[in-house]
Amino acid sequence: MNDLDLPASNFIRDLILSDNANGKYNGHVHTRFPPEPNGYLHVGHAKSIMLNFGLAEEFGGKCNLRFDDTNPAKEETEYVESIVEDVKWLGADFGGRLLYASNYFQQLYDWAVELIKKGKAFVCDLTSEQVRQTRGTLTEPGQNSPYRDRSVEENLDLFARMKAGEFPDGSRTLRAKIDMASPNLNLRDPVMYRILHADHHRTGNHWCIYPMYDWAHGQCDSIEGITHSICTLEFEDHRPLYDWFLEQLGVFHPQQIEFDRLNLTYTVLSKRKLLQLVEQGVMEGWDDPRMPTISGMRRRGYSPQGLRHFARSLGVSKTNGITEFEKLEYYIREDLNRTALRVMAVLRPLKLVLTNYPEGQVEFVEAVNNPEDAGAGTRSLPFSRELWIEQDDFRETPPKGYYRLYPGNEVRLRYGYIIKCHDVVKDPATGEIKEVHCTYDPQTRSGQQTRKVKSTIHWVSAAEALPVEVRLYEKLFTVENPNESPEGADFTTYLNPKSLEIVHGKAEPSLAKAQPGDRYQFERLGYFCADKLTDAGRLVFNRTVELRDTWAKIQKQR
RNA sequence: UGGGAGGUCGUCUAAUGGUAAGACUGCAGACUCUGGAUCUGCGUAUCGGGGUUCGAGUCCCUGCCUCCCAGCCA
């Protein structure tokens, strides 16, 4: 996980530095990454993972992977499995510390009994509706529950019976006895346990009462000896409660630190919304390559290294900001540029005939596998009279600034020869261009010192070309921030109808050996990753990210 | 409106009382058998108003704006 660059300075590191200087926690740093298994991980989690695991590593400490599985109604084993896979894929090392809040249910229960005995918690018979009505508002204090002053004995008895399953869901709760007039609503006698006769993915039906987040989290941190419990901004006003429980119990007291969650332009990063897209069938699944999930990005071709570098580059602060998607793409390209094998593929084929090239002849030309990596070697490509080129690389009447192929113009075929266009064959009925006819200059074979031409285009020999299905992805949403919908508009209103386009192209023969997950650069087009659908009989590629395209930019300006 | 947290280039961050810096984006150019990569250059910022100080993005006062909180979700 130790990647490149010195991680940027941030306030959490500074805080740890000062803790260590003061001897707090004896210089130990132990963090944790605590997802709830109610969905798949997304890039925002990658930021948290890098922060937690990165800080631990930097200070010679440890980081636990802990599932916050306190709500059986929303959690599933499928999610646990996907999360473990994603965390590992990102390269985070939890060293066997795969933990669950549910491991501590008994301890949590015992501690709750302790608080009851201290008169700090009580069983409340109010319905959730009544609790809501007596909570007060932002500006008005709440009212005490009529059950607030039950005797310790009665509370103990009732709580034991809650656990024993005597009462139906929602009929009672265990509440902390704090202050119904607190300006912090979290302190208005918060619920610690609710009754839920539900099957838990790990504890089955052993329990029918489940701890709330606030009651579970800090105590789990304490049990695990977490020193720095890093969470997102929305938990800031939970911190007094986090501290309160720990103080009442008199146990090891980790400190909660809040930072800003990641927001990205042109996508949504909330499990609720992502779930909605999956359930409505808008996306193929959690791993749809358009999803900002780790599994979606993996399928799309993003590399763990690229994602890590991106996450590292993110600032850690308390500002509510939105990071530009372009920044993510930059780090993905940067990594893929160094590692991806180059290959030639034509997405929208146009037939090119070299009229002075002998019919039936095939020769082989040598191509560099990765100009950024001499060790990647070379491969040979068949070259012949009939080739496929990109439709975009030919114009019958070239626009200003176009220096690809057009009648009378010369271009180089990458790793091949310089060719000159002399004719265009059209469908007499539709006027559609069917073939482009050129002559090649035998003196200009690649590797020799020859004259220069303005443009080099990619190609594939028609006879040997492999059919490929290529999925071209665009931004998922049409607006930078789909969350900011004016009056009633649902975020799905801004889904980009063109976020997926499937084309059928032609690829060089070497791609026959592509395995799912293999990443390539299709020269001049972008980075592509073999999809999981790829097998011996079918080649399916996902476009990971386009290459920077100066020409496209010039065209756009006009 | 009560409480909590924030406001530095277009975006994200740095500057810890001492020359406002970097990255992404954008623009311009060089180079190029990828209009890629690489290289060079350019541009724009301390929310407003007071104050303290030799000196304020940083400290104080005040105003404005943004985000979070009224789940038996996390």
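# Domains and Salt Bridges in a Predicted Model

Between domain 1 and domain 2, nine residue pairs are in polar contact, with both residues of each pair at pLDDT 80 or more. The elements that give two or more residues to the side of domain 1 that touches domain 2 are helix H1 (11-22), helix H2 (43-58), helix H3 (77-89) and strand E9 (255-259). The largest share of that side, seven residues, comes from H2. The structure is a predicted model.

**Domains and their interface**

- The domain assignment divides chain A into domain 1 (3-259), domain 2 (271-341 + 468-557) and domain 3 (345-464).
- To the contact between domain 1 and domain 2, domain 1 gives 28 residues and domain 2 gives 27 residues.
- Taken over C-alpha atoms, the centres of domain 1 and domain 2 are 34 Å apart.
- Together, domain 1 and domain 2 bury about 2700 Å² between them, and 65% of this area is on carbon and sulfur atoms.
- The interface of domain 1 and domain 2 is crossed by four salt bridges.
- A salt bridge also joins Asp-86 and Arg-298, with 2.9 Å between the closest N and O atoms.

**Helix H9**

- Helix H9 covers residues 271-279, and its buried residues are Lys-271, Lys-273, Leu-274, Gln-276, Leu-277 and Val-278.
- In an α-helix there are 3.6 residues a turn, so residues three or four places apart point the same way.
- The partner against which the buried residues of H9 pack is H2.
- After H9 comes Gly-281, which has a positive phi, near 75 degrees.

**Salt bridges within the chain**

- The count of salt bridges comes to 43.
- One of them joins the side chains of Arg-13 and Glu-58, at 2.8 Å from N to O.
- Arg-13 belongs to helix H1 and Glu-58 to helix H2, so this pair ties together parts that are 45 residues apart in sequence.
- Arg-13 counts as buried because its relative accessibility is 9%, under the 20% cut-off.
- Glu-58 counts as partly exposed, at 38% relative accessibility.
- Lys-475 and Glu-326 also meet through their side chains in a salt bridge, at 3.9 Å from N to O.
- This pair links distant parts of the chain, 149 residues apart: Lys-475 is in the loop between strand E21 (466-473) and strand E22 (500-507), and Glu-326 is in helix H12 (residues 325-339).
- Lys-475 is partly exposed, with a relative accessible area of 32%, and Glu-326 is partly exposed at 38%.
- A further salt bridge is formed by Arg-414 and Glu-523, whose closest N and O atoms are 2.8 Å apart.
- Here too the pair links distant parts of the chain, 109 residues apart: Arg-414 lies in the loop between strand E16 (410-413) and strand E17 (418-426), and Glu-523 in the loop between strand E23 (519-522) and strand E24 (526-530).
- Arg-414 is partly exposed, with a relative accessible area of 26%, whereas Glu-523 is buried at 6%.
- A network of salt bridges links Glu-284, Asp-287, Arg-299, Glu-469, Arg-471, Asp-531, Lys-532 and Arg-538.

**Asp-214, a buried charged residue**

- Asp-214 is placed in helix H7 (residues 213-223).
- Although Asp-214 is buried, it has no salt bridge.
- The nearest side chain of opposite charge to Asp-214 is that of Arg-135, 9.5 Å away.
- The side chain of Asp-214 does make a polar contact of 2.7 Å with the side chain of His-238.
- Not counting residues up to four places away in sequence, Asp-214 touches Gln-219, His-238, Leu-241 and Phe-245.

**Thr-232, a buried residue in a strand**

- Thr-232 lies in strand E8 (residues 228-232).
- Thr-232 counts as buried because its relative accessible area is 14%, under the 20% cut-off.
- Leaving aside neighbours within four places in sequence, Thr-232 is in contact with Glu-258, Phe-259 and Arg-261.
- The C-alpha atoms of Thr-232 and Val-503 are separated by 41 Å, and these two residues are 271 residues apart along the chain.

Technical notes: Residues numbered from 1 in each chain as written. Chains lettered and ligands numbered in written order. Predicted model: local features only at pLDDT ≥ 70, side-chain atom pairs only at ≥ 80, totals over all residues. Heavy atoms only, no water. Helix = DSSP H or I, 4+ residues; strand = E, 2+ residues; numbered from the N terminus. Buried < 20%, exposed > 50% of the residue type's maximum accessible area, 1.4 Å probe, protein only. Lys, Arg positive; Asp, Glu negative; His and termini not counted. Polar contact = N/O pair within 3.5 Å; in protein donor to acceptor, adjacent residues only side chain to side chain. Contact = heavy atoms within 4.5 Å. Domains from an automatic or database assignment. Buried area = accessible area lost by both parts, 1.4 Å probe.
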